[in-house]
Amino acid sequence: MANVKISPPFEWTHAGASKLLEYYEHLFETQAVDEILSAFTEDVHVDYSGTDPFVGRDKLRGLLKTRFAKLKDYRLKKKVEFLSDSKIAASWKSEWIDIPTRRRMRGAGVEVLTREGQLYTHWVASFHGWQI
């Protein structure tokens, strides 16, 4: 999986966006950081739950690596909630084992991604996790 593009083979339709989210489920479950990052601009603006907003793909790499280092057996399911010419909103549910505590966890979140051309320029996400 070299360079991820958010256009063909994924059409920017509800059905295509659902397939795109399935693809991202796989990337996040396998912790494919480089493939995830290739969908974002160098100066992506990120406002991710529990962190200070920041700008930059390199900082996003750090966020992903930090999160992934704490996750074992991560499972993710995303759902398209809204799609426009430049935005996709999705909800997600996830389960994992928290490595530091060895506790089984479950979470839910929502996200909005804004694109320009073939890449995402903004990622806003809110997430909540709890022990099961």
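**Sheet, core and pocket in a predicted model**

Arg-75 sits across from Glu-95 of strand S4. Strands here are DSSP E runs of at least two residues, helices are H or I runs of at least four, and both are numbered from the N terminus. This is a predicted model, in which local features need pLDDT of at least 70 and side-chain atom pairs count only at pLDDT 80 or more, while totals for chains, interfaces and linings use all residues. Residues are numbered from 1 along each chain as its sequence is written, and side-chain values use heavy atoms, with hydrogens and water left out.

On to the sheet. It is an open one, built from 6 strands in the order S2-S1-S6-S5-S4-S3, with mixed pairing. S2 (54-55) and S3 take the edges; each has a single partner strand, so one side of each goes without a neighbour in the sheet. A pair of strands is called when DSSP finds at least two bridges between them. S3 and S4 run antiparallel to each other, paired over 10 bridges, and the antiparallel pairing of S5 (residues 103-116) with S6 spans 12 bridges. S1 (residues 40-48) and S6 (residues 119-131), by contrast, pair in the parallel sense, over 5 bridges; there, His-45 has His-122 of S6 as its bridge partner.

Ser-94 belongs to strand S4 (residues 87-98). Its relative accessibility is 3%, so Ser-94 counts as buried (buried is under 20% relative accessible area, exposed over 50%, partly exposed in between, with a 1.4 Å probe and protein chains only). Contacts, meaning heavy atoms within 4.5 Å, link Ser-94 to Tyr-74, Arg-75, Leu-76, Met-105, Arg-106, Gly-107 and Phe-127, not counting residues up to four places away in sequence. Glu-25 lies 69 residues from Ser-94 along the chain, yet their C-alpha atoms are 9.8 Å apart. Glu-25 is part of helix H1 (residues 14-29) and counts as buried because its relative accessibility is 9%. Beyond neighbours within four places in sequence, Glu-25 contacts Leu-76, Lys-77 and Lys-78.

Next comes the nonpolar core, defined as a set of buried Ala, Val, Leu, Ile, Met, Phe, Trp, Tyr and Cys residues joined through side-chain atoms within 4.5 Å. The largest one has 36 residues, and Phe-28, Phe-40, Leu-60, Tyr-120 and Trp-123 touch the most other members. At least two residues of this core come from each of H1, H2 (33-37), S1, H3 (57-68), S3 (71-83), S4, S5 and S6, with H1 giving the largest share, 6 residues. Phe-40, leaving aside neighbours within four places in sequence, is in contact with Arg-57, Leu-60, Leu-113, Leu-119, Tyr-120 and Trp-123.

Finally, the largest pocket holds about 200 Å³ of space. Its lining includes Tyr-48, Leu-63, Arg-67, Trp-96, Asp-98 and Met-105. H3 and S4 each supply at least two lining residues, and the largest share, 3 residues, is from H3. On a 1 Å grid over the protein atoms alone, a pocket is an open set of points with protein on both sides within 12 Å along at least five of seven lines, and lining residues have an atom within 4 Å of a point. The volume is the space filled by probe spheres set on the points, joined across faces, edges and corners.

Notes: 1 Å grid on protein atoms, 1.4 Å probe; cavity = no way out; pocket = protein on both sides within 12 Å on 5 of 7 lines; lining within 4 Å.
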